[in-house]
Amino acid sequence: MSKLLSWKDLSAPIIAEAGNSVLYKTGGWRALKPVLDQSKCIRCLLCWFYCPEPAIKRREDDSVEIDYDYCKGCGICANECPVKAIAMVEEGVG
Amino acid sequence: MAVALQLKGQRRVGMTGDEAVAYAVKQADVDVVAAYPITPQTIIVERIADYVHDGELKASYVAVESEHSALSACVGASLAGARVFTATSSQGLALMWEIMWIASAMRTTIVMALANRALSAPINIHCSHDDAYAVRDAGWIQFFAENVQEAYDLTLMAFRVSEDKRVLFPSIVNLDGFILSHALEPLYVLEDDVVREFLPPKEPVNPIDPERPMTYGPLALFDYYFEFKKAQAEAFKSVYPVILEVFREYEKYSGRKYEPVKAYGVEDADVAVLILGSSAGTARYVARRLRSKGEKVGVVSLTLYRPFPASDLVAKLKGVKALVVMDRSYSFGSPGAQLFMDVAAAFANESERPLLINAIYGLGGRDLLPEHVEEAFRKAQEAARAGKVEERELWLGVR
């Protein structure tokens, strides 16, 4: 997050400029972290389809990577992966 | 409204409180009205519906399915830049309660007429101040009218106050249900062009604009909510001087003087009564009678309830030994009813302060009779003589 403002800098709760939600990194909400084993991945892109954030990034070659700045650790990707290439591990461990 | 006399550019007409509010709303040339009918407010929005239907007022009249929707529609319309009005009572305001806080925090400029009515149960349609008190913390400006003239005048002034760029907070104009809402009284009304001069079209701040998308009232958690509330609290403190300014400005157009605290006979009074709304006249009648017999009694009434005119009240009550705070409501389990608590807080750090008695009166439309006010004065005189309060809570006129 950018520097926190004082009440003196605020008026009505209005966001006058659109597009600043990317500044709010929601990855800090995560308790469980998805860890992808690239050697098992078959590039089916189901995780990329299902991720509600979307915090799974699709590369040119259809391989994927997880964006931990925004991944909230919901585990849907791990649940949907047909080859069990994504493991949910405790935050700070894996 | 049939007979109208010309006087100093103003017409003298006969209207009920509800009709007078509706007439002021028409003259204020509002853009949007969203409301749901509820007694004793209904006539206000019925009259406005007539004005819109007959082409006398060019406004969007939004017929909604509940008060919750009514106020929600008003919030959107106000943020879009419209001049907005709604009216309600009692249970209707209770259903609006959730949106009341949002309307203030998002700095809308809605004006609401609140025909004060007791909250159920048992079901009742007559006057208590339960509804006004129940939204006292929501961040709305609140005026109390004492008669039909004041209901008209305060409605016009409320738009001017709310829409002032130093304010940008919504306002409530309280008028006692039935006692004022349905009572036909003579009043003076301004000419339309005079109202237009006093109340020019609203200049919106940050209006909703599809060309420039904005987010209104977004999520602010532990990192920002606190700062937004502090900002709102500080902004609300700037309301009071603007109200004084608008009162003075309106006097130039109408010749009628308004003050946040109206005082009668308190300069030399030993004891006094503090009251809201239409009963102030009864209290002054009794005070006048007692003063003619040499008794030093006074009456203070509030035209402005929120922001609470604490320092003005303390100054006007200087030298008063005992004060009866009259509440047309009750706060269960509280150390005092609602107005009493405000007054006790206003005097909290004053070295010189009156003994305080809390009188509950008039619930559900029960008349406040002169003998009830006299009883209040007698209790205050006893306390002043004894230097202490024997019975802090009185119920005037209850069987």
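User: Before we look at the helices, what makes a crossing left-handed or right-handed?
Analyst: A crossing is left-handed if the near helix is turned anticlockwise from the far one by less than a right angle, and right-handed if clockwise. This is a predicted model, in which local features need pLDDT of at least 70 and side-chain atom pairs count only at pLDDT 80 or more, while totals for chains, interfaces and linings use all residues. Residues are numbered from 1 along each chain as its sequence is written, and chains are lettered from A and ligands numbered from 1 in the order in which they are written.
User: OK, which way does α1(B) pass α6(B)?
Analyst: The crossing of α1(B) past α6(B) is right-handed, with helices taken as DSSP runs (H or I, at least four residues), numbered from the N terminus.
User: At what angle do they pack?
Analyst: Helix α1 (residues 17-27) and helix α6 (residues 148-163) of chain B pack at about 25°, their axes being 8 Å apart, where axes are lines fitted to C-alpha atoms over the stretch in contact and angles run from 0 to 180 degrees between N-to-C directions. α1(B) is therefore roughly parallel to α6(B), a label for angles under 35 degrees.
User: Switching topic, how is chain B divided into domains?
Analyst: Chain B has domain 1 (5-254) and domain 2 (261-396), with bounds from an automatic or database domain assignment.
User: And how many residues are in contact there?
Analyst: In chain B, 25 residues of domain 1 are in contact with 19 residues of domain 2, contact meaning that C-beta atoms, placed from the backbone, lie within 7 Å.

Conventions. Two residues are in contact if their C-beta atoms, placed from the backbone, lie within 7 Å. Helices (H or I, at least four residues) and strands (E, at least two) are DSSP runs, numbered from the N terminus. Angles under 35 degrees count as roughly parallel, over 145 as roughly antiparallel, 65 to 115 as roughly perpendicular and the rest as oblique.
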